[in-house]
Amino acid sequence: MVVTSTAEPYLPDTDRLPALAEAAAGCRGCELYADATQVVFGRGPAAAPMMLVGEQPGDVEDQRGEPFVGPAGKLLDRALAEAGVDPARSYLTNAVKHFAFTRRGSRRIHQTPKRSHVVACRPWLAAELRAVRPAVLVALGATASQSLFGPSFRLGQHRGEVLHLPEPAEVDPLVVVTVHPSAILRAGDAREEMYAGLVADLRHAAQLLD
Ligand code: URA
Ligand code: SF4
(Lines give C-alpha, C1' and ligand atoms only; values in the text may rest on other atoms or scores of the structure.)
(Ligands and ions follow the chains in the order given, each with its own letter.)
Protein backbone atom coordinates (compact mmCIF):
# COMPACT_ATOMS: atom_id res chain seq x y z
CA MET A 1 0.00 0.00 0.00
CA VAL A 2 1.26 3.46 -0.84
CA VAL A 3 0.73 5.89 2.02
CA THR A 4 0.53 9.45 0.82
CA SER A 5 1.32 12.17 3.33
CA THR A 6 -1.47 14.71 3.47
CA ALA A 7 -2.96 17.19 5.90
CA GLU A 8 -6.41 16.56 4.39
CA PRO A 9 -7.87 14.48 7.28
CA TYR A 10 -6.94 17.20 9.78
CA LEU A 11 -8.83 20.04 8.10
CA PRO A 12 -11.94 21.22 9.91
CA ASP A 13 -15.12 21.67 7.87
CA THR A 14 -14.90 25.44 8.10
CA ASP A 15 -12.63 27.95 6.42
CA ARG A 16 -12.59 30.36 9.37
CA LEU A 17 -8.98 31.28 10.14
CA PRO A 18 -9.03 30.77 13.93
CA ALA A 19 -10.54 27.30 13.49
CA LEU A 20 -7.98 26.46 10.81
CA ALA A 21 -5.09 27.60 12.98
CA GLU A 22 -6.37 25.58 15.93
CA ALA A 23 -6.78 22.45 13.84
CA ALA A 24 -3.36 22.84 12.22
CA ALA A 25 -1.79 22.62 15.68
CA GLY A 26 -2.86 18.97 15.72
CA CYS A 27 -1.82 18.16 12.16
CA ARG A 28 0.11 14.91 11.66
CA GLY A 29 -0.19 15.04 7.89
CA CYS A 30 3.52 14.46 7.36
CA GLU A 31 6.44 13.63 9.63
CA LEU A 32 7.59 17.23 10.13
CA TYR A 33 5.37 17.81 13.16
CA ALA A 34 7.40 15.30 15.17
CA ASP A 35 10.63 17.29 15.60
CA ALA A 36 9.26 20.83 15.35
CA THR A 37 8.34 22.83 18.46
CA GLN A 38 4.90 23.80 17.19
CA VAL A 39 2.93 24.59 14.07
CA VAL A 40 3.43 28.03 12.55
CA PHE A 41 0.18 28.98 10.91
CA GLY A 42 -0.42 32.10 8.82
CA ARG A 43 -1.00 35.49 10.42
CA GLY A 44 -3.07 38.47 9.39
CA PRO A 45 -6.65 39.59 8.87
CA ALA A 46 -9.13 37.46 6.91
CA ALA A 47 -10.00 40.63 4.99
CA ALA A 48 -6.40 41.18 3.82
CA PRO A 49 -6.33 42.08 0.11
CA MET A 50 -2.79 40.69 -0.19
CA MET A 51 -1.41 37.30 0.82
CA LEU A 52 2.29 36.48 0.86
CA VAL A 53 3.49 32.89 0.93
CA GLY A 54 6.99 31.89 2.07
CA GLU A 55 8.63 28.48 2.30
CA GLN A 56 8.41 27.22 5.86
CA PRO A 57 9.06 28.56 9.35
CA GLY A 58 12.68 29.06 10.37
CA ASP A 59 14.29 28.50 13.75
CA VAL A 60 12.92 31.69 15.33
CA GLU A 61 9.44 31.18 13.89
CA ASP A 62 9.40 27.60 15.20
CA GLN A 63 10.11 28.85 18.71
CA ARG A 64 7.71 31.79 18.61
CA GLY A 65 4.91 30.12 16.67
CA GLU A 66 4.57 33.02 14.24
CA PRO A 67 5.61 33.37 10.60
CA PHE A 68 8.33 35.78 9.46
CA VAL A 69 9.51 36.99 12.86
CA GLY A 70 13.19 36.02 12.39
CA PRO A 71 15.91 37.58 10.20
CA ALA A 72 14.11 36.85 6.90
CA GLY A 73 10.95 38.36 8.35
CA LYS A 74 12.76 41.53 9.36
CA LEU A 75 14.09 41.90 5.83
CA LEU A 76 10.64 41.25 4.41
CA ASP A 77 9.10 43.89 6.72
CA ARG A 78 11.60 46.45 5.48
CA ALA A 79 10.97 45.55 1.83
CA LEU A 80 7.18 45.72 2.32
CA ALA A 81 7.49 49.17 3.90
CA GLU A 82 9.67 50.40 1.03
CA ALA A 83 7.21 48.99 -1.49
CA GLY A 84 4.29 50.74 0.19
CA VAL A 85 2.52 47.58 1.31
CA ASP A 86 0.53 48.02 4.53
CA PRO A 87 1.48 45.13 6.85
CA ALA A 88 -1.86 45.47 8.66
CA ARG A 89 -3.60 44.62 5.39
CA SER A 90 -1.40 41.64 4.52
CA TYR A 91 -1.73 37.97 5.38
CA LEU A 92 1.59 36.14 5.77
CA THR A 93 1.95 32.40 5.61
CA ASN A 94 4.14 29.55 4.40
CA ALA A 95 3.85 26.64 1.98
CA VAL A 96 4.87 24.27 4.81
CA LYS A 97 3.71 24.89 8.37
CA HIS A 98 6.33 23.00 10.41
CA PHE A 99 10.08 23.72 10.61
CA ALA A 100 12.29 21.10 8.91
CA PHE A 101 15.89 20.97 10.13
CA THR A 102 18.90 18.83 10.84
CA ARG A 103 20.91 19.10 14.05
CA ARG A 104 24.55 20.06 14.02
CA GLY A 105 25.67 20.07 17.61
CA SER A 106 23.30 22.40 19.39
CA ARG A 107 22.39 24.22 16.16
CA ARG A 108 19.33 23.48 14.08
CA ILE A 109 20.09 23.89 10.38
CA HIS A 110 17.18 24.71 8.08
CA GLN A 111 16.41 22.12 5.44
CA THR A 112 14.51 22.86 2.28
CA PRO A 113 11.22 20.98 2.56
CA LYS A 114 10.79 17.99 0.30
CA ARG A 115 8.18 17.93 -2.42
CA SER A 116 6.24 15.40 -0.32
CA HIS A 117 6.06 17.93 2.55
CA VAL A 118 4.89 20.69 0.24
CA VAL A 119 2.19 18.45 -1.22
CA ALA A 120 1.14 17.19 2.22
CA CYS A 121 0.79 20.71 3.57
CA ARG A 122 -0.94 22.15 0.50
CA PRO A 123 -4.50 21.68 1.94
CA TRP A 124 -3.74 24.25 4.66
CA LEU A 125 -2.59 26.79 2.12
CA ALA A 126 -5.66 26.07 -0.01
CA ALA A 127 -7.88 26.62 3.05
CA GLU A 128 -6.14 29.91 3.85
CA LEU A 129 -6.70 31.02 0.25
CA ARG A 130 -10.42 30.22 0.57
CA ALA A 131 -10.60 32.03 3.92
CA VAL A 132 -8.79 35.20 2.86
CA ARG A 133 -9.63 35.33 -0.86
CA PRO A 134 -6.82 37.79 -1.52
CA ALA A 135 -6.95 40.00 -4.60
CA VAL A 136 -3.18 39.70 -4.93
CA LEU A 137 -1.02 36.73 -3.99
CA VAL A 138 2.79 36.94 -3.74
CA ALA A 139 4.86 33.76 -3.84
CA LEU A 140 8.22 34.27 -2.14
CA GLY A 141 10.73 31.85 -3.63
CA ALA A 142 10.70 28.53 -5.44
CA THR A 143 8.99 26.43 -2.77
CA ALA A 144 5.95 28.71 -2.54
CA SER A 145 5.82 29.05 -6.33
CA GLN A 146 5.95 25.30 -6.84
CA SER A 147 3.33 24.70 -4.18
CA LEU A 148 1.00 26.94 -6.19
CA PHE A 149 2.02 26.06 -9.77
CA GLY A 150 3.56 22.58 -9.57
CA PRO A 151 7.07 21.16 -9.47
CA SER A 152 8.09 22.14 -13.00
CA PHE A 153 7.47 25.86 -12.38
CA ARG A 154 10.61 27.97 -12.80
CA LEU A 155 10.55 31.19 -10.83
CA GLY A 156 13.14 32.92 -13.02
CA GLN A 157 10.99 32.46 -16.10
CA HIS A 158 7.94 34.16 -14.60
CA ARG A 159 9.22 37.08 -12.56
CA GLY A 160 7.62 40.31 -13.59
CA GLU A 161 4.51 38.58 -14.92
CA VAL A 162 0.98 38.64 -13.55
CA LEU A 163 -0.13 35.03 -13.23
CA HIS A 164 -3.31 33.11 -12.45
CA LEU A 165 -3.45 29.90 -10.43
CA PRO A 166 -3.74 26.73 -12.50
CA GLU A 167 -7.26 25.46 -13.25
CA PRO A 168 -9.29 24.25 -11.49
CA ALA A 169 -8.75 26.97 -8.88
CA GLU A 170 -11.06 27.79 -5.97
CA VAL A 171 -9.89 31.39 -5.92
CA ASP A 172 -8.47 33.61 -8.63
CA PRO A 173 -6.02 36.17 -7.24
CA LEU A 174 -3.50 38.00 -9.40
CA VAL A 175 -0.24 36.21 -8.62
CA VAL A 176 3.27 37.65 -8.58
CA VAL A 177 6.36 35.52 -7.94
CA THR A 178 9.59 36.84 -6.47
CA VAL A 179 12.72 35.83 -4.56
CA HIS A 180 12.63 34.56 -1.01
CA PRO A 181 14.00 36.98 1.60
CA SER A 182 16.26 34.23 3.00
CA ALA A 183 17.93 33.91 -0.40
CA ILE A 184 18.80 37.60 -0.17
CA LEU A 185 20.35 37.09 3.28
CA ARG A 186 22.58 34.37 1.79
CA ALA A 187 23.44 36.29 -1.37
CA GLY A 188 26.75 37.92 -0.47
CA ASP A 189 27.77 40.46 -3.12
CA ALA A 190 24.47 40.18 -4.99
CA ARG A 191 22.52 41.16 -1.90
CA GLU A 192 21.66 44.76 -2.73
CA GLU A 193 20.64 43.96 -6.26
CA MET A 194 18.43 41.09 -5.13
CA TYR A 195 16.87 43.22 -2.41
CA ALA A 196 16.05 45.93 -4.96
CA GLY A 197 14.43 43.23 -7.10
CA LEU A 198 12.28 42.09 -4.20
CA VAL A 199 11.14 45.65 -3.48
CA ALA A 200 10.33 46.19 -7.17
CA ASP A 201 8.26 43.00 -7.30
CA LEU A 202 6.40 43.93 -4.10
CA ARG A 203 5.73 47.40 -5.50
CA HIS A 204 4.33 45.75 -8.63
CA ALA A 205 2.08 43.60 -6.42
CA ALA A 206 0.93 46.67 -4.47
CA GLN A 207 0.06 48.45 -7.71
CA LEU A 208 -2.15 45.52 -8.73
CA LEU A 209 -4.28 46.28 -5.68
CA ASP A 210 -5.14 49.76 -6.91
N1 URA B 1 11.16 32.00 5.97
C2 URA B 1 9.94 31.63 5.54
O3 URA B 1 9.76 31.19 4.42
N4 URA B 1 8.95 31.74 6.35
C5 URA B 1 9.06 32.21 7.57
O6 URA B 1 8.06 32.27 8.25
C7 URA B 1 10.34 32.59 8.00
C8 URA B 1 11.37 32.47 7.19
FE1 SF4 C 1 0.75 18.95 8.77
FE2 SF4 C 1 2.03 20.67 7.20
FE3 SF4 C 1 2.96 20.17 9.62
FE4 SF4 C 1 3.19 18.33 7.74
S5 SF4 C 1 4.17 20.35 7.76
S6 SF4 C 1 2.47 17.98 9.86
S7 SF4 C 1 1.26 18.63 6.62
S8 SF4 C 1 1.00 21.16 9.13
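A salt bridge is taken here as a side-chain nitrogen of Lys or Arg within 4 Å of a carboxyl oxygen of Asp or Glu. By this criterion the structure holds seven salt bridges. The structure is a predicted model, in which local features need pLDDT of at least 70, side-chain atom pairs count only at pLDDT 80 or more, and totals for chains, interfaces and linings use all residues. Residues are numbered from 1 along each chain as its sequence is written, chains are lettered from A and ligands numbered from 1 in the order in which they are written, and side-chain values use heavy atoms, with hydrogens and water left out.

Arginine 130 takes part in a salt bridge with aspartate 15, with 2.9 Å between the closest N and O atoms. Because arginine 130 belongs to helix α4 (residues 115–132) and aspartate 15 to the segment before α1 (17–24), this pair ties together parts 115 residues apart in sequence. Helices (H or I, at least four residues) and strands (E, at least two) are DSSP runs, numbered from the N terminus. Arginine 130 also meets the side chain of glutamate 170 in a salt bridge (3.0 Å, N to O). Here the linked parts of the chain are 40 residues apart, glutamate 170 being in the loop between α6 (155–158) and β6 (174–178) and arginine 130 in helix α4.

Relative accessible area was classed as buried (under 20%), exposed (over 50%) or partly exposed (in between), with a 1.4 Å probe and protein chains only. Arginine 130 is partly exposed at 24%, as are aspartate 15 at 31% and glutamate 170 at 49%.

A further salt bridge joins the side chains of arginine 159 and aspartate 201 (2.7 Å, N to O). Arginine 159 is in the loop between α6 and β6 and aspartate 201 in helix α8 (residues 191–209), so the contact ties together parts 42 residues apart in sequence. Arginine 159 is partly exposed, with a relative accessible area of 34%, whereas aspartate 201 is buried at 10%. Through shared partners, salt bridges join Asp15, Arg130 and Glu170 into one network.

Grid points are joined across faces, edges and corners, and a volume is the space filled by probe spheres set on the points. The count comes to one cavity of 30 Å³ or more. The largest cavity contains about 110 Å³ of space, and among its 15 lining residues Cys27, Cys30, His98, Cys121 and Trp124 are closest to the centre. Helix α4 gives the largest share of this lining, three residues.

Ligand 2 takes up the space of the largest cavity, a molecule being placed in a cavity or pocket if more than half of its atoms lie within 2 Å of its grid points. The residues around ligand 2, including Cys27, Cys30, His98, Cys121 and Trp124, have a heavy atom within 4 Å of the molecule.

The largest pocket has a volume of about 590 Å³. Its lining has 28 residues, with Ala72, His110, His180, Ser182 and Arg186 nearest the centre.

Methods: 1 Å grid on protein atoms, 1.4 Å probe; cavity = no way out; pocket = protein on both sides within 12 Å on 5 of 7 lines; lining within 4 Å.
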